[in-house]
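Please keep the sequence and the model in view while reading.

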Amino acid sequence: MTRKVADCRKSPSVSGCTLTISGEEDEVIRAAVEHAVSVHGHTDNAELRQMVRDSLEDEKVTA
């Protein structure tokens, strides 16, 4: 299974957050949503979860 990455630097934010989260897709979505709510003040709802899911990228493996 390909690991996924959520990178706060790719989303506009006033705080200039640099957090990157990687892991299995469901883990990353859960952690990224919790981060978005607790740090950035978003509301945990289906729209936020879909936005996070749509922003995920495959983790690039370095050789």
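E57 has its place in strand β3, where strands (E, at least two residues) and helices (H or I, at least four) are DSSP runs numbered from the N terminus. This is a predicted model, in which local features need pLDDT of at least 70 and side-chain atom pairs count only at pLDDT 80 or more, while totals for chains, interfaces and linings use all residues. Residues are numbered from 1 along each chain as its sequence is written, and side-chain values use heavy atoms, with hydrogens and water left out.

With a relative accessible area of 32%, E57 is partly exposed; buried means under 20% relative accessible area, exposed over 50%, and partly exposed in between (1.4 Å probe, protein chains only). Not counting residues up to four places away in sequence, E57 touches R3, K4, V5 and K10, contact meaning heavy atoms within 4.5 Å. E47 is 10 residues from E57 in sequence, and the two are 18 Å apart in space, C-alpha to C-alpha.

The strand that holds E57 belongs to an open sheet of three strands with the order β2-β1-β3 and antiparallel pairing. β2 and β3 (57-58) stand at the edges with a single partner strand each, so one side of each is left without a neighbour in the sheet. Two strands pair if DSSP finds at least two bridges between them. Strands of a sheet pair through backbone hydrogen bonds, in either the parallel or the antiparallel sense. Between β1 and β3 the antiparallel pairing extends over two bridges, and V5 stands opposite E57 in β3. Strand β1 (residues 4-7) also pairs with β2 in the antiparallel sense, over four bridges. Within β2, G23 is the bridge partner of K4 and T20 is that of D7.

How are the side chains of these strands directed? In a regular strand the side chains alternate between the two faces of the sheet.

The helices come next. α1 lies across β1 and β2 and runs at about 155° to β2. Helix α1 (residues 25-40) packs with helix α2 (residues 46-55) at an angle of about 125°, their axes being 10 Å apart. That angle makes α1 oblique to α2. Here axes are lines fitted to C-alpha atoms, for helices over the stretch in contact, and angles run from 0 to 180 degrees between N-to-C directions; those under 35 degrees count as roughly parallel, over 145 as roughly antiparallel, 65 to 115 as roughly perpendicular, and the rest as oblique. From α1, the residues E25, I29, A32, V33, A36 and V37 meet L48, R49, V52 and R53 of α2. The residues of this contact divide into seven nonpolar, no polar and three charged.

The C-alpha atoms of V61 and A36 are separated by 26 Å, the two residues being 25 apart along the chain.

How values were computed: Nonpolar A, V, L, I, M, F, W, Y, C, P; charged D, E, K, R; others polar.
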